[in-house]
Amino acid sequence: MSASRSPDDSVAIFRKSWTLYDAITERNYMFHRELYAEVAEQVAQVGRFGPFRLLDLGCGNARFLAPCLAATPPVHYEGVDLSAAALAEAREHLKTLPAAVFHQQDMLQALEEGESTFEILFSGFAVHHLDSAAKQRFFHAAARRLKRGGRFLLMDVVRDEGQSRDEYLRDYLGWMRTTWTEIPVEQLEEACTHVAAYDHPEQFSDLVQMARRAGLTETPLRHRFERHYLVGFVALESSRVNSE
Ligand SMILES: C[S@@+](CC[C@H](N)C(=O)[O-])C[C@H]1O[C@@H](n2cnc3c(N)ncnc32)[C@H](O)[C@@H]1O
């Protein structure tokens with residue numbers, strides 16, 4: 001969601017039904033398989049230190065996070081999404097978790113207004129809906145909501161250094177149209193329209209700057225498949241002082 005747009009518009013494609021997004025991710029067009037394998041590893045690493053809590057921002061239907069958490073269950077899971085349809089499916093996918101709660105809410109608002117802290121914050125392919133100012137607020141709030149030593153795992157699309165948003169979109173939409181060949185043309189164009197209207201990916205260096213300004217430190221975790229990244233940040237300082 002861009003701060004200037006209604007959140008309702010940017011998630012309309014996810015509210016109607018998950019069929020299109022599921023069709024895209026099933027064919028691994030956004031590299032969910034590889035990226036979530038690494039998330040599973042990160043979650044397992046944290047789980048080895050003891051009980052942990054996880055906040056999932058823009059959780060969607062949590063279809064790919066669910067197996068990671070089945071392998072290493074958190075003592076508490078919170079999923080936030082604007083889409084009721086997504087949350088209904090997420091409840092089903094995560095029904096074996098002992099303590100899972102869901103909020104139909106704007107993720108930035110949830111992050112900024114909440115008080116409880118987490119060992120893991122996770123966000124998959126949702127932060128690019130925020131404009132730059134909102135992303136910076138997101139990082140500040142994330143730092144505040146992480147326990148000391150807690151990790152923020154950010155999975156998202158990223159622009160090349162020096163690439164404008166228009167250049168990125170030309171590139172990404174072209175790649176979608178030539179690579180996502182198993183998606184029926186009409187649905188593919190629906191996905192392209194959504195991306196063109198609502199995707200605001202940052203350059204990697206700008207994400208790192210935003211994280212540093214919020215008091216977060218990069219971890220060695222960085223995976224890239226085409227434009228799709230998984231990066232890790234850690235709260236080395238007390239989570240309460242970072243956003244002061
Ligand atoms: C592309 S899906 C990603 C789903 C899942 N996390 C994944 O990794 O595949 C993006 C999700 O973010 C949600 N979303 C987008 N902007 C949001 C906002 N401002 N607040 C809460 N949810 C948002 C959408 O409703 C959608 O469910």
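In which helix is the place of Q42? Q42 sits in helix α4, where helices (H or I, at least four residues) and strands (E, at least two) are DSSP runs numbered from the N terminus. The model is predicted: local features need pLDDT of at least 70, side-chain atom pairs count only at pLDDT 80 or more, and totals for chains, interfaces and linings use all residues. Residues are numbered from 1 along each chain as its sequence is written, and side-chain values use heavy atoms, with hydrogens and water left out.

View 1. Q42 counts as buried, at 7% relative accessibility (buried: under 20% relative accessible area; exposed: over 50%; partly exposed: in between; 1.4 Å probe, protein chains only). Its side chain makes a polar contact of 2.8 Å with the side chain of R151 (N or O atoms within 3.5 Å; within protein, one must be able to donate a hydrogen and the other to accept it, and residues adjacent in sequence count only if both atoms are side-chain atoms). Not counting residues up to four places away in sequence, Q42 touches R151, L153 and L221 (contact: heavy atoms within 4.5 Å).

**View 2. G232 in strand β7 (residues 228-234).** G232 is buried, with a relative accessible area of 3%. Residues up to four places away in sequence aside, G232 touches F152, L153, T217, E218, T219 and L221. L121 lies 111 residues from G232 in sequence, and the C-alpha to C-alpha distance between them is 9.9 Å.

View 3. Backbone N or O atoms of G58 and of G124 each lie 3.0 Å from a nitrogen atom of the ligand. For H129, a polar side-chain atom lies 3.3 Å from a ligand nitrogen atom. The protein covers 97% of the 600 Å² of accessible area that the ligand has on its own (Shrake-Rupley method, 1.4 Å probe; for residues, only the protein chains shown count as cover).

**View 4. W180 in the largest nonpolar core.** This core has 48 residues (buried Ala, Val, Leu, Ile, Met, Phe, Trp, Tyr and Cys joined through side-chain atoms within 4.5 Å). V39, L54, L65, Y77, Y172, M176 and W180 touch the most other members. Helix α9 gives the most to this core, with 6 residues. Beyond its neighbours within four places in sequence, W180 is in contact with I24, Y29, M30, Y172, W175 and L188.
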